[in-house]
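Please read the points below alongside the structure.

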Amino acid sequence: MSEKKNKKVVRLKVLQPNRDGTPWYARSLRITKIRVISQAFFFALFMFLLWVTWFSRLGGYPASLFLELDPLVGFATALATHTIYRHLWFGLIILGVTLLFGRVFCNWMCPYGTLHQFVGWLFNIRGNKDNIDKNRYHSVYQLKYFILAIFLIMAAFGSLQIGLLDPICLLVRTVTVTVAPAMDLVAEDWGLTTISFAPGAPEQRIFSGAWFVGLMIIGLVGMNLVIPRFFCRFLCPLGAFLGFLSRFALWRIDRDVTKCTDCDLCLRRCEGASDPQAALRKSECFVCFNCIDDCPEDALSFRLAPLPIKDRIVGSIKKGTATLFGKKVISKVAETEIKGPDVARRRWVFAGIAGVMAYPFLRLSKAVNNRGFHEKAIRPPGSVAEEEFLERCIKCDQCINVCPTNVLQPSTLAEGGLEGLWTPVMDFSVGFCQLNCTLCTEVCPTGAIQKTSIARKLGRGEYEKDGPIRVGTAFFNRGRCLPWSMETPCVVCEEVCPVSPKAIGTYDEDIIRWDGTKVTLNKPYMRPELCIGCGICERECPVIDDAAVYVTAVGETRSEDRTLLLKSHKDT
Amino acid sequence: MSDQPKNQSGENRRSKSRTDSPVEAPSSVQAVPSASEYTGDDERQYTLANRRRFLKQAGVAAGLAAGAAWTSLAPPSWPLSIRDPDGERGKPKKDILRLPETGFAVDASATAPVLGVARGNDVDAMVRAAIDNIGGIGRFIRRGDVVVIKPNVAFERVAVLGATSNPEVLQALIRVVLSAGADEVRVADNPIESPEACFARSGIRKAALDAGARLFLPTSGSFETLHVPGATWIENWPFFWRPFRGANKVIGIAPVKDHNLCRASMTTKNWYGLLGGRRNQFHQDIHGIISDLALMLRPTFVLLDGSRVLFRSGPTGGSLADVRPGQTIVASTDTLAVDSFGWDDLLGRKGEELPAYFAKAEKRGLGTTDWRSVSIKETQVG
């Protein structure tokens, strides 16, 4: 009996506060553990939302939530378009959090940051001393501020390039173009179609340039083995944007110079390389709290608006007589804070000039202009005219992720030039634009593809007068067409043409072939007023390598400058 | 040079090198004394160790070489050999499958009519009546059967546009089949547009699942090569096999549609949706392929769903103006007879010459193209 009683007492003791007065759960539930849980949650949420971005799963989920939460996406598109499209105001949430606590996004929410940290942690073979050295601030980390400045200036000119390196855009794109199809390849093999990213896709999805996107993520993530958080410290424009804002943050890591012994152990796992052992670089700190965990003297804490204490130290640090409010100063380093990014004014000027120059360099390339544009730069239905498209598209490739027929492909340098790289274009040798589908318009976070109803797409009901949205026009290559040039019946193109009346007609002709047999040839022709450029004719044409009927971008309704047929301008 | 210090240094080196890191071991020339520098026991031991190591390494090397030589040089029939002298062995092997010799048809009945026609507006009653007219569901479906139903879901169209099978008719059919004691009903088609979207938009997905059937959508792993003896074009061709695994009855359910190339798409053309591969080539001989399809699949029975008729702009349609109500459902065990009935009665092309595939298939003994010559029973329902 007495033993049992004793046990009960012991159990209760577990729940009693620690000796230093902290609650019992603080023994195992460190703030860094909560951080890891938060990171896992947001990473899982991110992957889940990409996973539901598919025809049969999309119902009601905010599929593009992370892109909309990304304040750089909202800010840069606002610079380019002077508007905030749909849900892009969500970015204010992260903005607010950053103004209060600094770059918590980077180490608590960002799925790409989580990936980098996880890989860096898993494959870390360095000792403590090496780790401390690798986590010291280095002046080359200011590169990301130049990248941000260049991107923002280009955005102001109307060329939105943040998507090249914005971590959310980059990760959405990477999952879409490489991870998801790779996963499906395995899922299909093992018969796990319920977990695949594209269940019900008739064929394995393929993407142009997937090798490069894949190489990029392997390279960037692999760099963590050389320099921890390489991407986050060197390149991330979103991190730079938040770093710039975090100068105003009310809370920050504060170092008590009367306790700090300058042992540098706080650098052991410092994610941001933000110098917590000396003057904290607020703009670099990811607020991961590892330093607080690692400090053996309990000299570090996260505080509301702590003041820099340099001027309050009395006496000489060198001579060891320094005191702060009567307490002896132990640390040899007096400063505790560096507010803004460590970039000299002349360097800002240089970055600005580079941004100003970059705009004409890109825009004066042939591919993106109304003269000399690529005939296969065919944009999805609902897209705004090319110039505005380049102001809005962040190359996140969510549209490509949701496309059920795989027709949407990330543009290569050929179709879009560098400026249009990874923006969505339709490739009808891979798929076709399904008539009753407007999924890409639903998920686009920035309105490069405007939210479009099926009635609007097809020009029905109240849109009767506007007519259907054309994305291009189909043409026949009679030299390759079986009935036209090979005395062979075919007209798959006419059969699959989905508009009514059909945009493909036939001239029917009875002929005697070279071998004496009688055949009826239905020689197809286009009725251009009816063609919407959906490309199913090109996709289904049996001349598969270079189809005898093919769609090019001319005649698209989104542009006044790329039209083909004469049309009445009475209404305009 | 005295032996003593050398001996010691030799001992030191060996004992050290076992435990310490190479950095601390004496380096360069001194570190690797040649055998001649040892004497007596040491020398013997050194030689022994050397020999043992040599034998071990030589053994491993010889084993690897022998293994490599065996696998690459031994005749192909020997175990573990992967020799492929003419390149035949390395080519991918296809499993070639066959459907049952006599198809999925049940025994012919002397009394039951070949065509069962039901007219009216109540789809449920029409489906029942049409099947009853050819002998009732009990003639075709037994307890424990696994039944594949093949609707036409080729396009992503809503049902009223008439380009796809009427989901209400499908639902009625599934219920009838399940009520006859079938273990499982599978609904399968390989559409032209994206399968997921086609099944959803046409209403077939909902209808099939609501009625208790299993859906089979094509994926890249669903196709196997099917052997169709005597076929002109598809003697060996990728076939949507997965739903047919373990199935013993097949029912086709096809809308009545105009077709730009073969002029009419009904129950025979409906089997096109079971083909995979580069099937768009078949338009080069559309009548030949449809006659092959009749040969490929001999169903338990078919339903010609004339509840709507897509009388022009087929096979895709897209406008309500292309569709008219047909108020007819026909059940039959002869796809050619029922299609010729549809041509005359539903498409209203009586007097026009039948498309060439009818004659081709009839020549192969796959049915009769003159529906007037077969027994027919017609009922008017609700």
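Predicted model: local features only at pLDDT ≥ 70, side-chain atom pairs only at ≥ 80, totals over all residues.

1. Local features are taken up only where pLDDT is at least 70.

2. Contact between the chains. On the side of chain B, 26 residues are in contact with 32 residues of chain A.

3. Domains of chain A. The assignment divides chain A into domain 1, residues 371-463, and domain 2, residues 473-552. Their C-alpha centres are 26 Å apart. Contact between the two domains involves 10 residues of domain 1 and 9 residues of domain 2. By class, the domain 1 side of that contact holds 7 nonpolar residues, 1 polar residue and 2 charged residues.

4. Overall make-up of chain B. Chain B contains 10 helices and 12 strands. Of its 382 residues, 44% are buried. Contacts in chain B between residues at least 6 apart in sequence can be split by separation: 74% of them join residues at least 24 apart.

5. Helix α15 of chain A, geometry. This helix runs over residues 345-363, 19 residues in total. From first to last C-alpha α15(A) reaches 28 Å, close to the 27 Å expected at 1.5 Å a residue.

6. Helix α15 of chain A, burial. Which residues of α15(A) are buried? They are Ala351(A), Gly355(A) and Leu362(A). These residues lie on the same side of α15(A) because they cover an arc of only 55 degrees around the axis. The buried residues of α15(A) pack against α9 of chain A, residues 143-157. Arg345(A), Arg346(A), Val349(A) and Pro360(A) are exposed on the other side of α15(A).

7. A sheet in chain A. An open sheet is formed by 3 strands of chain A in the order β4-β5-β6, with antiparallel pairing. Its edge strands are β4 (313-314) and β6 (327-328), each of which pairs on one side only. Strand β5, residues 323-324, pairs with β6(A) over 2 bridges in the antiparallel sense. Within β6(A), the residue opposite Thr323(A) is Lys328(A).

8. Strand pairing in chain B. Strand β6 of chain B, residues 223-227, takes part in both pairings described here. Strand β1 of chain B, residues 96-97, runs parallel to β6(B) and is joined to it by 2 bridges. Leu97(B) has Leu226(B) in β6(B) as its bridge partner. Strand β7 of chain B, residues 236-240, pairs with β6(B) in the antiparallel sense over 5 bridges. In this second pairing, Thr225(B) stands opposite Pro238(B) of β7(B). As background, strands of a sheet pair through backbone hydrogen bonds, either parallel or antiparallel.

9. Cis peptide bonds. Where is Pro501(A) placed? Pro501(A) sits in the loop between α22 (492-496) and β11 (504-512) of chain A. The peptide bond from Ser500(A) to Pro501(A) is cis, and its omega is near 0 degrees. In chain B, a cis peptide bond joins Gly314(B) and Pro315(B), with omega about 5 degrees. Pro315(B) belongs to the loop between β10 (301-310) and β11 (323-332) of chain B.

10. Positive phi at Arg229(A). Phi of Arg229(A) is near 50 degrees, a positive value in a residue other than glycine. Arg229(A) is in the loop between α11 (210-222) and α12 (230-235) of chain A. Is Arg229(A) buried or exposed? Arg229(A) counts as buried because it has 27 C-beta neighbours inside 10 Å, where the cut-off for a buried residue is 20 or more.

11. Positive phi at Asp397(A). Asp397(A), a residue other than glycine, has a positive phi near 70 degrees. Its place is in the loop between α16 (386-392) and α17 (398-402) of chain A. Asp397(A) has 27 C-beta neighbours inside 10 Å and therefore counts as buried.

Note on methods:
Residues numbered from 1 in each chain as written. Chains lettered and ligands numbered in written order. Domains from an automatic or database assignment. Contact = placed C-beta atoms within 7 Å. Nonpolar A, V, L, I, M, F, W, Y, C, P; charged D, E, K, R; others polar. Pairing = 2+ DSSP bridges. Helix = DSSP H or I, 4+ residues; strand = E, 2+ residues; numbered from the N terminus. Expected span 1.5 Å × (residues − 1). Buried ≥ 20, exposed ≤ 12 C-beta atoms within 10 Å, placed from the backbone. Arc of directions from axis to C-beta.
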